[in-house]
Amino acid sequence: MLDAQGLVKAFAKVRAVDGIDLSIGAGDRVALLGPNGAGKTTTLLMLLGAITPDAGSISLVGHRLPRGRSAAMGEVGFVAGYLPLPDRLRVREALSIFAGFYGMRRKAGDAAVDKGLERFKITHLADRMCMELSSGQRTLVGIVKAILHDPELLVLDEPTASLDPDVAYRVRTGLLDVAANDGTALLVTSHNMMEVERLCERVVFLAAGKVVADGSPVEVADAFGHGDLEGVFLHLAGTVVAEDQIEDLGALNDEGVPQ
Amino acid sequence: MSAVDLPMPASSDEVPFSWLRVRTVVRRHGYVLLRSPHRWFDIAFWPVFDVLLWGSLGAFVAQENGVSRATTPYLLAGIMLFHVLFQSQIAVATGFMEETWTRNILNVMTTPLRESEYIVGLAVGGLIKLVAGMGTVSLTAVAFYSFGLGEIGWGLVPIIGVLLLVGWSTSMLVIGLLLRFGQSAEILAWATTFTILSVSGVFNPVESIPGVIQPIAKVLPTTYAFSAARDLLDGGGIPWADLGWATLGAFVLAGLSMLYVLRMLRIFRARGYVTRYS
């Protein structure tokens with residue numbers, strides 16, 4: 001499905017990605033985690049062929065990048081919480097355009113659009129202008145865009161960033177449904193550790209451009225001596241506070257602020 | 001650690017050129033045109049006013065100074081042919097800029113759409129706009145000045161071909177600059193063709209351009225295309241030499257501009273500039 005070996009990417013003197021190996025099998029649900037600047041988005045963009053690595057190799061759904069980028073993208077969908085859809089198009093039009101980019105003829109594309117909108121229960125958005133969508137609606141439409149062509153791998157960069165919990169829940173359950181019923185593999189980045197624990201069976205932690213942990217959420221949490229992924233995240237971000245330091249601060253109020 | 005199997009089917013990395021995806025690019029920009037009244041200014045508004053401006057100027061000069069009545073056709077043919085160049089260039093350049101304005105580049109780059117399909121789609125969409133724009137311009141010229149580009153005769157065909165090729169090539173240079181320098185290079189989308197307007201003798205022989213600029217004019221294929229149009233308007237035979245230089249220059253420019261935009265695309269990917277638009 002995906003095999004990346006020895007990926008390196010530097011911007012000026014900053015080594016954003018420093019020798020990452022990442023392999024994902026069919027149907028896997030994998031999270032790529034790490035603090036800001038760990039190299040998650042750069043890694044994703046390299047895996048998608050949007051950024052060329054300085055070193056390393058990528059094989060994506062059987063195609064070597066960069067040469068096989070176009071062929072690989074026919075089997076991969078991409079969603080980013082921060083990316084809007086073309087704002088002067090209606091939702092149905094925008095989705096139909098992407099279906100065309102995926103090589104689907106108009107009738108088949110329109111059928112896939114209807115199916116996707118129904119699946120995520122957003123048919124009422126079909127005739128809305130993309131620029132009028134809320135961030136949650138935009139994310140749901142973005143997922144429909146990314147699954148129009150029944151991809152083998154769905155890559156999601158911060159899909160639930162800044163979403164209300166109810167919308168995040170819809171996104172998460174929708175993704176689990178896609179993974180379970182279509183056999184689509186998921187590669188997700190997120191800063192929401194609880195969400196990752198519910199969505200993914202495997203987590204890969206990055207720090208300073210390197211893979212520092214790879215395993216199930218429980219395995220990774222145990223390896224770092226924490227009860228959950230949030231503890232691991234705080235540990236890697238360098239913001240974990242030792243218990244003796246907390247005692248020095250005295251009692252904390254309900255919001256965690258020293259009284 | 002999760003066990004990962006790595007099936008690597010020996011499938012082809014080559015994806016054939018798809019006219020379906022080209023048509024989809026045309027449709028995508030058709031929707032934008034329908035929803036963006038300001039875009040109609042390039043097609044219907046500015047060309048009409050250019051024809052009125054230059055046609056009136058030609059008529060005035062001919063009437064006041066008793067000079068050749070050919071002045072008006074020279075100016076009208078010049079500005080109408082310039083619009084072939086301008087509109088073929090601006091349609092492709094603004095088509096690409098639309099993706100940057102709507103932060104859609106990453107969405108597009110993560111589909112199977114190939115760069116060549118995208119560019120051909122923009123060019124075909126631009127041709128449709130060009131036909132609409134030239135239709136407007138031609139109606140205006142016929143209605144107010146009884147002039148049509150058809151007076152140039154069959155020589156018009158290669159001249160328009162050269163101008164289209166130069167327009168598309170210039171748009172490649174602009175896209176290359178946008179890829180490399182970001183949205184700060186947008187102004188060049190408009191500036192490049194107006195630079196060509198001023199230095200390639202659109203209305204006048206190259207000898208009337210200031211001497212220091214003439215060497216620049218003489219290497220531009222547009223100079224020979226506009227010169228050929230004037231010769232044809234004067235009733236001369238097909239100016240093969242001018243057309244030959246214009247065609248050769250246009251193909252050289254097309255080759256260089258393709259090399260440039262491909263190089264800028266490699267830099268765009270290598271330096272991660274896509275994040276400017278996400």
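Begin by selecting helix α1 of chain A, in which Lys40(A), Thr41(A), Thr42(A), Thr43(A), Leu44(A), Leu45(A), Met46(A) and Leu47(A) are buried. A residue is called buried if 20 or more other C-beta atoms, placed from the backbone, lie within 10 Å of its own. The helix spans residues 40–47, and eight of its eight residues are buried. Helices here are DSSP runs of H or I with at least four residues, strands are runs of E with at least two, and both are numbered from the N terminus.

The model is predicted: local features need pLDDT of at least 70, side-chain atom pairs count only at pLDDT 80 or more, and totals for chains, interfaces and linings use all residues. Residues are numbered from 1 along each chain as its sequence is written, while chains are lettered from A and ligands numbered from 1 in the order in which they are written.

Next, move to Gly49(A), which follows α1(A) and has a positive phi, near 85°.

Now select strand β6 of chain A, residues 76–80, where five of five residues are buried. In a regular strand the side chains alternate between the two faces of the sheet. On one side of β6(A) lie Val76(A), Phe78(A) and Ala80(A), and on the other Gly77(A) and Val79(A); both faces are covered.

Two strands count as paired if DSSP finds at least two bridges between them. To view one of these bridges, select Ala80(A) together with its partner in β7(A), Asp157(A).

Zoom out to the whole of chain A, which has ten helices and ten strands. Its C-alpha atoms fill a box of roughly 65 × 45 × 35 Å along the principal axes. Of the 259 residues of chain A, 52% count as buried. Among contacts in chain A with a separation of 6 or more, 64% join residues 24 or more positions apart; a contact requires C-beta atoms, placed from the backbone, within 7 Å.

Finally, display chain B beside chain A: 37 residues of chain B are in contact with 43 residues of chain A. On the side of chain B that touches chain A, α1 (19–35), α4 (105–109) and α10 (240–270) of chain B each supply at least two residues. The largest share, eight residues, comes from α1(B).

Methods:
Two residues are in contact if their C-beta atoms, placed from the backbone, lie within 7 Å. A residue is buried if 20 or more other C-beta atoms lie within 10 Å of its own, exposed if 12 or fewer, and partly exposed in between; C-beta atoms are placed from the backbone.
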